[in-house]
Amino acid sequence: MPSFEFRISRFVSHARRVLAAGLALALTLTAPPLVPAQEPLGPAIKVDVNLLLLEATVKDRSGRILKDLKQDDFLLDADGQPQSISHFSRDQLPLAVALVLDLSGSIEPFLRPLRYATLSALKSLKPEDQVALFTFTDSAQLRVPLTRDKRDVSDQIENLLAGGSTNINQGLYDAAQYLRREAPAARRVIILISDNVATAASVNHDAVIQQALEADAAIYSIKVPGRNPPEAKVMAKMLGRSSDVRKMTSETGGEMFDMEKEGSLFLSLQTLIERLKTRYTIGFYPAQQGQTAGFHRINLRLHPTFGGKGRDYSVVTKTGYFVSPSRASSR
């Protein structure tokens, strides 16, 4: 029979093994999980929400995009006063895109090809770029909140049914308001897909422009032909300038693409997405007088060595920015 001392020694040895096993298990449970190393999506860029951002496309006299400009090539005035450019990049900041889709009966033939167009064209966005989907008839509705899953947006389009009136302004207004609230530090873009024939209006185009400028959101338009009966065109004429899409795009720094000229919805959307990638992002902190409530006009141009603006080159950007009373008081 083993001696008392031998039994004590075996007990202590066993206890040590149990304690070591328990400690190893505890360390395993509390240690961070091992995951494969991943390549970063890109440089992490933080943007102060008080920094005002301008999106700009520069074209030469023949309409070709100038893609290789540097920060020193640009000059910026706000309310006639020179401004110091604090941020300069091209397609580095994440995008927040609101796709605003007309669901009136006149564009029903384009819903099916639109799913393919969005699925294909949106793939060329960066992985961190987000897209939201709005639709409108007589009122506007958020169908898909901002998401990095571009397929989710195209899948939703497949199940949509067209029919009703065309309240373009409400769709754009709600999208601008949403982007301002949900994506304060991203490049904000609104893409309208519509025949641009408004048959209803709840806010006028000036209110849309103001809301888009407050949100620093550029409005782009993809114009489809539509199937409008004569009475719809009469209604649109009666509404007059209540939905002036061309004015809303130009004053917010966007552009209009005509599907009939581009050849298809896919080519129109692809061209627009590629245009976003060649836009320069220019940020500045306005001087004290530029932080007061109201509209402030800006003038972005190139250094005089490039010639004269409007003669030798053109700059597509917003005409100014709007500071709301609440935003002014918080500065």
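## Exercises on a strand and a helix

In β1, Leu-52, Leu-54, Ala-56, Val-58 and Asp-60 point one way, Leu-53, Glu-55, Thr-57 and Lys-59 point the other way, and all of them are buried. Keep in mind that you're looking at a predicted model.

**Exercise 1.** Work out how covered strand β1 is, and which strands it pairs with.

*Solution.*
- Step 1: Start with the general rule. Side chains in a regular strand alternate between the two faces of the sheet.
- Step 2: Check burial, where the cut-off is under 20% relative accessible area. Nine of the nine residues in β1 (residues 52-60) are buried, so by this cut-off the strand is mostly covered.
- Step 3: Look for one partner. Strand β11 (residues 280-284) pairs with β1 in the antiparallel sense, over five bridges. Within β11, Thr-281 is the bridge partner of Glu-55.
- Step 4: Look for another. Strand β13 (residues 313-316) runs antiparallel to β1, and four bridges join them. Here Tyr-313 of β13 stands opposite Asp-60.

**Exercise 2.** Find the buried residues of helix α3 and explain why they line one face.

*Solution.*
- Step 1: Pick out the buried residues of α3 (residues 150-158): Lys-150, Val-153, Ser-154 and Ile-157.
- Step 2: Look down the axis of α3. Its buried residues fall within an arc of 90°, so they line one face of the helix.
- Step 3: Recall the general rule. An α-helix has 3.6 residues a turn, so residues three or four places apart point the same way.
- Step 4: See what does the covering. Over the buried residues of α3 you'll find, among others, β5 (95-102), α2 (111-121), β6 (130-136) and β7 (140-147).

**Exercise 3.** Which backbone nitrogen does a side-chain oxygen of Asp-149 reach at the start of α3?

*Solution.* Go to the start of α3 and follow the side chain of Asp-149: one of its oxygens comes to within 3.2 Å of the backbone nitrogen of Arg-151.

Terms used. Residues are numbered from 1 along each chain as its sequence is written. This is a predicted model: local features need pLDDT of at least 70, side-chain atom pairs count only at pLDDT 80 or more; totals for chains, interfaces and linings use all residues. Side-chain values use heavy atoms; hydrogens and water are left out. Buried means under 20% relative accessible area, exposed over 50%, partly exposed in between (1.4 Å probe, protein chains only). Helices (H or I, at least four residues) and strands (E, at least two) are DSSP runs, numbered from the N terminus. Two strands pair if DSSP finds at least two bridges between them. The arc is that of the directions from the helix axis to the C-beta atoms. Contact means heavy atoms within 4.5 Å. A polar contact is a pair of N or O atoms within 3.5 Å; within protein, one must be able to donate a hydrogen and the other to accept it, and residues adjacent in sequence count only if both atoms are side-chain atoms.
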